Amino acid sequence: MFNNPRTSTRYSKSLILLLILLLVGTWYVRERNRYEQEGYLLASSLEADLVYQCQTAARTYGLDWSLLVSFYLQTRRKATTEEIMNQAAVIKESASEIQFFEKIFDEHELKLMLHHARQIKRFGYYFSPQYVFPVQSKQLTYKNTWGADRDSGKRKHQGTDIFAKQSTPILSITAGRIEKLGWNQLGGKRVGIRDIHGNYLYYAHLSDYRNDLSKGDSVLSGEIIGYMGDTGNAEGTPDHLHLGIMTHEGQWINPYQFLLYWNKYSKKSGAD
Ligand SMILES: [Zn+2]
């Protein structure tokens, strides 16, 4: 069939075209993943309260909340609710938001600010209604212990520990699919859920999982997946949930600010 030289040339051309498409496709996927991961890293470094205050002020004045967050990220990172409200009012008086920012930032700064705003809005976990804080209890504590030494400095802590009474139900933060369910040495009884963004949420040290769950099952946000305990390397320590979030690129990110946000500002489940 390819003995005809013209057909053969056409065949080679198609092959080269296919190869180019494949290369461009691979490059695109890699770039997109890198961009998304950068977005999560940025979003996890924001303060939950600042994000919420900016969202509230932006809603009041009909502005884009991600621009307001990005503005504070670039200028001072912290402000009171009143200051943010006043700032939003000033921005509203300009002909457009961009025009206001053009006045205070040079071209490079403005570009960076817009880039960050896009990332915060698209890839952050800061959209209140769809996430649920995983432990609904009046007596819970958690601190930002990201990066703290573990095993005498051999490991760093890559998550947030949420302490509450034994057997307190653990709820899935996000909708997703159960990818891991079972035992591992460090985590003890643990559940791993892949969420709709492709991120992996890791719930460890459970006293038990919900007994009708299986790998591959879909779960909704707020659904009970297990119960608080001290299994794995947490044995003998106060009962707690170790919550970790890994991006689909395989990098653990600090869940603390997201947890604060979900706890303070997201919907509560029916549980106590
Ligand atoms: Zn932990």
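How many bridges join S6 to strand S10 (residues 218-219), and do the two run parallel or antiparallel? Two bridges join them, and they run antiparallel. Arg-177 stands opposite Ser-218 in S10.

Some ground rules. This is a predicted model: local features need pLDDT of at least 70, side-chain atom pairs count only at pLDDT 80 or more, and totals for chains, interfaces and linings use all residues. Residues are numbered from 1 along each chain as its sequence is written. Strands (E, at least two residues) and helices (H or I, at least four) are DSSP runs, numbered from the N terminus. Strands pair if DSSP finds at least two bridges between them.

Back to S6, residues 176-184. Eight bridges join S6 to S7, residues 188-195, and this pair is antiparallel. Ile-178 has Ile-193 in S7 as its bridge partner. S6 and S7 make a hairpin, with three residues between them.

Now the helices. H2 (residues 48-61) packs on H4 (residues 81-93) at an angle of about 35°, axes 9 Å apart. Axes are lines fitted to C-alpha atoms, for helices over the stretch in contact; angles run from 0 to 180 degrees between N-to-C directions. Which residues of H2 meet H4? Gln-53, Cys-54, Ala-57, Ala-58, Thr-60 and Tyr-61 do. In H4, their counterparts include Ile-84, Met-85 and Lys-92. Contact means C-beta atoms, placed from the backbone, within 7 Å.

Last, the domains. Domain 1 is 46-124 and domain 2 is 130-265, with bounds from an automatic or database domain assignment. Their C-alpha centres lie 32 Å apart. Five residues from domain 1 and five from domain 2 make the contact.

Notes. Contact = placed C-beta atoms within 7 Å.
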